[in-house]
Structures are given as structure tokens and as C-alpha cells.
Amino acid sequence: MIDFQEKSIDVICQHTKDCKIIPLRIRLEDEDGNLQTYNIKWYKDTTPHSSFKIPSGIRVTTDIWSFECKILVLDTLRMIKLFYHSRDNKWTVIKA
């Protein structure tokens, strides 16, 4: 069984020419410390892609991308939430 408390994980993703991120696969440790890999069967980008300009003219955007994803775990589709922290180049996951 996989523990989906918020934790850092490995993610394979695709970056498109339109500046979109498509998560494809995750890898995380199970409770025994073994690495398990899961293909993402479905995803939805839930990042608020709004931005604004501060008085100095610099455009400010969020540095955390969020995704709702479905993975197959023991023949059951499970919903998870992935977060890409672009400033730290790090991915985290929680169970949805």
C-alpha cells in the first residue's frame, strides 16, 4: 500500500511548446521503502494561471503548478494531487 501524505516524488513529464506541463508517470516509495512506478491515466491542470504586474512593471505569476491525476493502484483508480514547485524544481504529491 502507498502512503500519500504530502511527500517529494519523482515525476516524468512533458513540456510542450505552448508552455504546458503534462505529467506522465510518478515514482514513489511504498511503506516498505521499495520504489513503485505508476502511469498517469488521466490528468487535469488546476493551476490558477493568472498573473499581474507590479508598479515596477515586473509580471508576477504563481511558481507552483497543480494537477489532479488518476493512477491505477492494485486495480483501482486513485485520485492524487501533484504539485510542481518550479522555483525549487521539485514535485510533491498528496492523496485527493
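**A predicted barrel and its residues**

Cysteine 13 counts as partly exposed because its relative accessibility is 24%, where buried means under 20% relative accessible area, exposed over 50%, and partly exposed in between (1.4 Å probe, protein chains only). The model is predicted, so local features need pLDDT of at least 70 and side-chain atom pairs count only at pLDDT 80 or more, while totals for chains, interfaces and linings use all residues. Residues are numbered from 1 along each chain as its sequence is written, and side-chain values use heavy atoms, with hydrogens and water left out.

Cysteine 69, by contrast, is buried, because its relative accessibility is 0%. A disulfide is a covalent bond between the sulfur atoms of two cysteines. The search of the whole structure finds zero disulfides, a disulfide being a pair of cysteine sulfur atoms within 2.5 Å.

Six strands form a closed barrel in the order E1-E2-E3-E6-E7-E8, with antiparallel pairing. Strands here are DSSP runs (E, at least two residues), numbered from the N terminus, and two of them pair if DSSP finds at least two bridges between them. Strands of a sheet pair through backbone hydrogen bonds. Strand E6 (residues 64-73) is joined to strand E7 (residues 76-85) by 10 bridges in the antiparallel sense. Within this pairing, glutamate 68 stands opposite lysine 81 of E7.

Strand E8 (residues 90-95) contains threonine 92, which is buried because its relative accessible area is 4%. Its contacts (heavy atoms within 4.5 Å), leaving aside neighbours within four places in sequence, include Glu6, Ile9, Phe83 and His85.

Notes. Helix = DSSP H or I, 4+ residues; strand = E, 2+ residues; numbered from the N terminus.
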